[in-house]
Amino acid sequence: MGKATGFLEYDRKNGAVTSVNERVKNFKEFHSQLPLEEQSIQGARCMDCGVPFCQAGMKIAGMYSGCPLHNLIPEFNDLVFHENYSQAYVRLSKTHCFPEFTSRVCPALCEAACTCGLHSEPVSTKENERAVIEYAFEHGLVRADAPSIRTGKTVAVIGSGPSGLAAAMQLNKRGHKVTVYERSDRAGGLLRYGIPNMKLDKAVIDRRIALLEEAGIEFIYNTNVGVDITGKELLSKYDRVVLACGASNPRDIKVPGRDAKGIHFAVDFLSKVTKTLLDTSFEKVPYELCKGKRVLVIGGGDTGNDCVGTAIRLGAKKVIQLEMMPPAPEKRLDSNPWPEWPKILKTDYGQEEAIEKFGCDPRVYQTTVSEFIKDAKGVVTGAKIVKLAPSFDEKTKRTLMKPVEGTEEVVPVDFVLIAAGFLGSEKYVADTFGVALDERTNVKTAQDAFATNVERVFTAGDMHRGQSLVVWAIAEGRKVAKEVDESLMGYTNLY
C-alpha cells in the first residue's frame, strides 16, 4: 500500500448530502461526490490488512460478510490513493459489471466487513467506487466492448434487471448473440421501477443500456414471456435461455377489509411514480397519489423506506411505517461480532426525512394490521393495528411474532402501501418453461449451480436465490453467464 499509516492519519469523510428541506422538493439524487483530490485521501485509509474481509463475500454465522462480487478492494483503493483512476477502473471492471449501480444503492457489505471499521470508521469504499466509475464515464473509458468474433450461439435472457443485464453483458462479451426480453417499456427491472429516482437516477441506467446495445445486445420490450411468447417458442429460437425475472411476487396482507380502495403494493406504487416522471421528462409529478393524505406503509425494509421518502415528496400529510420486529440495537451486541454483518439500527433517508418533516420517527415496531376499515364507497379510511410479542413455537421450533390481546387501536389512513417483501418468482414464467420450484417458490437448481431441471434453461438473481440485494443479482448474473458459456463451448474463460 502507498500509505501504510493512512488509516491512522486521516478521518473518514463522505460527500455532501443535500438538506432534507431541499431534497424533498424533487426526485433528484442528493448524494454528491468529494473532489477527486479529497477522495484520493480516503483511498489512503485502506490499511493493507492481512485478511481483506471486505472482498471475501463469505458466509459467517449464517450471514454473508464482504462483497459477493469479490471486488479487489484493497487494490483499487490503493489506485484511488495514487489518483490513478484509469487503472482503478480497469481493476474494478475485472470483477464488476455495473459499479455505477452498486455505488448508489448497495448497503456496502464491503464496508461492514472492513478491518478499519473494527475500531474506527470503515474505509469509504462505496464512495471510492463511485468516484472511479464516474471518472471512467467522464473520460470515455467505459466503452461498448463489442466482441471481435461471434460464436454463432444464441442466448435469450428473460428480464433486464441487474442479474439479466450482467448475464447479457458477459455472454455478449464472449461472442454469443444475446437477446434480452423485458415485459416493461424500459430496461432495468428493479433498478428502473423498484428503486426511486433520488436513489438511482434513471439516466445512469440509460447510459449503460446504450452501451450494451452498441455492443450488440438486442432488447425486446413490452413482451411478457409466458403470455406474449411461450417458453417452447423461445427454446426453438435460442440455444440457451436464462431466466432472470426477479422475485416479483409480492407478499400480501390477508386481513378483513383488504379489498378496500386505496391499498396498493409498494412496487406498483413506486413503478407508477417513476413511470409518470419518465414519461413526462419529469415535468409531471403525480402528487394526486399522496397529497394531503395520511399514508400507512406496511414493512420496515428498504422498499418500505423508499415508500416513505416517495410519499413525502408527493405531499403526504402524515406517514406511518409498521415493522413487525422489535428495533435492532444501536450498537453491535457481543453475540454479533465483527466481521459479521452488523445487526444494528439503521435510520435511512426516508425515515430521516419523516423525522425532519413530521417531528418523529415514522416507524412503529412490533406492530401489524389486523383489519382495514373502509367507508360506504369501499375506500380505506383506517387501519386496526395490534401490538406483537415474540413467542416460541414448539411445532416449528421458531420464535414467531404473535398479536397481544387488548392492544388493538384504529389509526386513520387514506392510502396504504404494502411493502412486506416478496414470495419468489411469478409462477406463470416458471410454468411456460416447466422448470421446478423449491419450497420458497424460487427456481430450483443444484447447490451453487444455475442449470434448471429443463435442458438448456438456466436461472439467476432473485428468481433463483429469493429477494436479495442488487450486488447479489449482479454476482449471480456473472456466474450464470460462466455456466451457460461452458455449456455452449465446452469450456469458459469468463470469470
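A residue is termed buried under 20% relative accessible area, exposed over 50% and partly exposed in between (1.4 Å probe, protein chains only). The structure is a predicted model, in which local features need pLDDT of at least 70 and side-chain atom pairs count only at pLDDT 80 or more, while totals for chains, interfaces and linings use all residues. Residues are numbered from 1 along each chain as its sequence is written, and side-chain values use heavy atoms, with hydrogens and water left out.

Eight aromatic pairs are present; rings of Phe, Tyr and Trp (its six-membered ring) pair if their centres lie within 6.5 Å, with planes under 30 degrees apart taken as stacked, over 60 as edge-to-face and the rest as tilted. One of them joins Y64 and W472 in an edge-to-face arrangement, with 4.7 Å from centre to centre and 70° between the planes. Because Y64 belongs to strand β2 (residues 63-65) and W472 to helix α18 (residues 470-489), this pair ties together parts 408 residues apart in sequence. Helices (H or I, at least four residues) and strands (E, at least two) are DSSP runs, numbered from the N terminus. W472 is buried at 8% relative accessible area, whereas Y64 is partly exposed at 30%. Y85 and Y135 form a tilted pair, 5.4 Å centre to centre with 35° between the planes. This pair links helix α5 (residues 85-93), which holds Y85, to helix α8 (residues 125-138), which holds Y135, across 50 residues. Both Y85 and Y135 are buried.

The axes of α8 and helix α11 (residues 202-214) come within 13 Å and cross at roughly 55°; axes are lines fitted to C-alpha atoms, for helices over the stretch in contact, and angles run from 0 to 180 degrees between N-to-C directions. Contact (heavy atoms within 4.5 Å) involves I133, E134 and F137 of α8 and R207, R208 and L211 of α11.

Charged groups also sit over rings, a term that requires NZ of Lys or CZ of Arg within 6 Å of the ring centre and within 35 degrees of the ring normal. The charged end of R23 is 4.3 Å from the ring centre of F30, and R258 lies over the face of F265 at 5.4 Å from the ring centre.

Some backbone features fall in loops. The W338 to P339 peptide bond is cis, with omega near 5°, and P339 is located between β9 (318-323) and α15 (349-358). N222, which is not a glycine, has a positive phi of about 55°; N222 lies in the loop between β5 (218-220) and α12 (231-237) and is exposed, at 53% relative accessible area.
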